[in-house]
Amino acid sequence: MNASHLSRQSREAAISALKRSRQAGGGPTGSEPTGQASAGTHGRPDGEPLDVLVIGGGVTGAGTALDAASRGLRVGLVEAEDWASGTSSRSSKLLHGGLRYLEMLDFALVHEALTERDVLLTRLAPHLVEPIAFLHPLRRPIWDRFYYGTGIALYDLLATLRRMPRVMPWHRHVSRRELHHAFPEFRGDAAVGAIQYWDARVDDARLVTSLVRTAAAQGSHVASRVQVTGLHTDAAGRVDGAMLVDLESGEHFEVRAKQVISATGVWTEATQAMAAPGGLRVLASKGIHVVVPKERLTGERGLILRTAKSVLFVIPWSRYWIIGTTDTPWTEDLHHPVPTAADIDYVLAEANRVLRTPLTREDVVGSYAGLRPLLLPEVKAGTKSAKVSREHTVASPVPGLVSIAGGKLTTYRVMAKDAVDFALGAEAARRPSRTETLRLVGAELRPSVAERLPAGRTMGLRETARFTRDFVTTHGLEDRFTRHLLRRYGNNIAELAQIVAEIPEAARPLGAASAYLRAEIIYAIRAEGALHLDDLMDRRTRIRFEYPNQGLDAVVEIAAIAAQELGWSAEREREEVAAYRAMVIAYAQAITQPDDAAAAKADAHRGDQSQTRVGSTEPGW
Ligand SMILES: Cc1cc2nc3c(=O)[nH]c(=O)nc-3n(C[C@H](O)[C@H](O)[C@H](O)COP(=O)(O)OP(=O)(O)OC[C@H]3O[C@@H](n4cnc5c(N)ncnc54)[C@H](O)[C@@H]3O)c2cc1C
């Protein structure tokens, strides 16, 4: 079995390994205080506690597991739902420094995020990350050019003053004429010109899956649909393990670990409460996006528009535009944030302020909502120590438990490093983070490529690009698939080709979602950890928001492929389709509601999918 492959079998093997961490010494009960996580090795005998158990399979938890495993620690990573099913699949999908932090004069934060953006783009995941040009329209000819021009020049400068070479093109001033040429839908009277600058986009859910796979390749035991239901403390009050439930089989088990790291985003307070009353204070703030077809707006460059409270992005993807976002408190069910009719109308109205032909609800093919984990400045009483930055915080509410929360997708690697350093204490200096140079799966250089690269070159995508082009030609696919496959799989395209060699009809595009090949569904199940239909529709592909009716037309074909791969019975296949349909209908109702309470109530009619899944138990959280 390829160590980076996430499959049903690898999940079972990981759960068995996690269970074995409990066996020696009779498990958490009565165990002695273990001290800080320390010098681990992957090869240690079973029965020893893990060095680190990471809770939460979003970008922060996946990054933390990778950071810890690549330092040689013995690591477990568990996620209650699917990988990236929380906030980390519902972001604006930008890797950016954040122009708004410049206005807050937080130069260090912008510098850090811009460096992370460029490390991902050039080294860690060049296949997943794509530079995009943004146009910042200007309303007042002199003042705006001076004010925003200075800010964006500083942004560029911060992406230059550092050890690594500058990678993005410089910003430049754009005339009114060029603005209208680049973005013909831009209304003539809405700007006197613009400034063009560069940031990057990434499929957030794919970034997370790639991190989890890389963590697995580094020896982590990783399992989705495993929920932590309690934390175990020893007689001295130190957290030394966790109680878990496998939501696929319903089986309960325990794990021992020297350190438990919570990377549970908006669920941070609930996780901490399993052990102690202290810790970080985290609120949930909802942000929504709408998706409109590419042909509705012409152009390849994005827009960043000022709104009364923040900014609105109009972000180009190959087949559509993603437009958002909003920022409102969310006090309903944390698992299912939904846009309201008012949210969607707000986003459309803000975009329409600069568009010639206003967007209407009929133009919206899809939408999604996510919850920002917003850190409150104070920590709860009794929290021993905390390291606070404006964006993210690491704290230890009780010995043995470390909480990391806040931050953003772009800076996941720094957050992960901070969390593991904190857990290791003094040991961290002898065992430093290695992730700055550790390529994610799909971006590793094959030895044959690495040998031929000139010193200092980091990309190495050329051979993969040639392979992908050949694959597309050989199978008579449209040219657009070259970019699609290259951007999604990097050098793992060779594994997709193996599937097609084994099952020739897998080279066909899906009937009702023709942007994807049937082989991609098979690969998502064999190597990317998809276990259910919604994993495939929502996160391994993005059919749920890319196609009308949340991709319902494609569901039967995809379910049939999944049934074949996962050995579902006919009844199980029907249940999966019915559960997805129920989710789609409830969501479609929810987004017509005027406010959060009504939308959450309508969305609750989706039913609990876990109850329709064979062998599943009520998550009860
Ligand atoms: C609308 C919006 C737009 C954004 N845009 C950007 C952007 O463009 N660029 C950027 O850099 N950042 C962006 N962000 C921020 C970024 O998306 C988040 O900071 C990041 O995804 C948070 O990741 P996380 O891993 O901390 O949390 P999550 O992704 O929510 O992961 C936490 C996970 O913990 C799991 N979990 C919880 N409790 C348990 C338990 N008991 N047992 C097991 N698992 C558990 C949950 O199921 C969940 O999957 C945006 C955020 C929002 C909301």
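Me: How many residues does the largest nonpolar core have?

Reply: A nonpolar core is a set of buried Ala, Val, Leu, Ile, Met, Phe, Trp, Tyr and Cys residues joined through side-chain atoms within 4.5 Å, where buried means under 20% relative accessible area, exposed over 50% and partly exposed in between, with a 1.4 Å probe and protein chains only. The residues with the most contacts inside the largest core are Leu120, Val129, Leu207, Leu211, Val212 and Ile261, and the size of this core is 49 residues.

Me: Which element gives the most to this core?

Reply: Helices (H or I, at least four residues) and strands (E, at least two) are DSSP runs, numbered from the N terminus. The elements giving two or more residues to this core include strand S1 (50–55), helix H4 (107–124), helix H7 (204–217) and helix H10 (412–424). With seven residues, the element that gives the most is H7.

Me: On what basis are these values given, and what share of the residues counts as buried?

Reply: This is a predicted model, in which local features need pLDDT of at least 70 and side-chain atom pairs count only at pLDDT 80 or more, while totals for chains, interfaces and linings use all residues. Residues are numbered from 1 along each chain as its sequence is written, and side-chain values use heavy atoms, with hydrogens and water left out. The protein has 21 helices and 19 strands, and of its 621 residues the share that counts as buried is 61%.

Me: What is the angle between helix H16 and helix H19?

Reply: Two packed helices are described by the angle between their axes and the distance between the axes. Here axes are lines fitted to C-alpha atoms, for helices over the stretch in contact, and angles run from 0 to 180 degrees between N-to-C directions. The axes of H16 (residues 533–540) and H19 (residues 570–590) are 8 Å apart, and the helices pack at an angle of about 50 degrees. Angles under 35 degrees count as roughly parallel, over 145 as roughly antiparallel, 65 to 115 as roughly perpendicular and the rest as oblique, so H16 is to H19 oblique.

Me: Which residues of H19 does H16 meet?

Reply: Contact means heavy atoms within 4.5 Å. By class, the contact of H16 with H19 has five nonpolar, no polar and two charged residues, with Ala, Val, Leu, Ile, Met, Phe, Trp, Tyr, Cys and Pro counted as nonpolar, Asp, Glu, Lys and Arg as charged, and the others, Gly among them, as polar. From H16 come Leu533, Asp534 and Met537, and the residues they meet in H19 are Glu576, Val577, Tyr580 and Met583.

Me: How are H4 and H10 oriented to each other?

Reply: The axes of H4 and H10 come within 9 Å and cross at roughly 105 degrees. Glu112, Glu116, Leu120 and Leu124 in H4 meet Tyr412, Arg413 and Val414 in H10, a contact that divides into four nonpolar, no polar and three charged residues. The two helices are therefore, to each other, roughly perpendicular.

Me: Is Asp118 buried or exposed?

Reply: Asp118 lies in helix H4, and, not counting residues up to four places away in sequence, Asp118 touches Arg123, Ala159, Arg162, Met164, Val167 and Met168. Because its relative accessible area is 1%, Asp118 is buried.

Me: How far apart in space are Leu531 and Leu6, C-alpha to C-alpha?

Reply: Leu531 lies in the loop between helix H15 (518–526) and H16, and Leu531 is buried, with a relative accessible area of 6%. Beyond four places in sequence, the residues that Leu531 touches include Arg8, Arg11, Leu566 and Trp568. Although Leu531 and Leu6 are 525 residues apart in sequence, their separation in space is 10.0 Å.

Me: What phi does Leu105 have, and what phi does Arg225 have?

Reply: Most residues other than glycine have a negative phi, and most peptide bonds are trans. Neither is a glycine, yet phi is positive in Leu105, at about 60 degrees, and in Arg225, at about 50 degrees.

Me: Which peptide bond is cis, with omega near 25 degrees?

Reply: Thr325 is found in the loop between strand S14 (320–324) and strand S15 (328–329). The cis peptide bond, with omega near 25 degrees, runs from Gly324 to Thr325.
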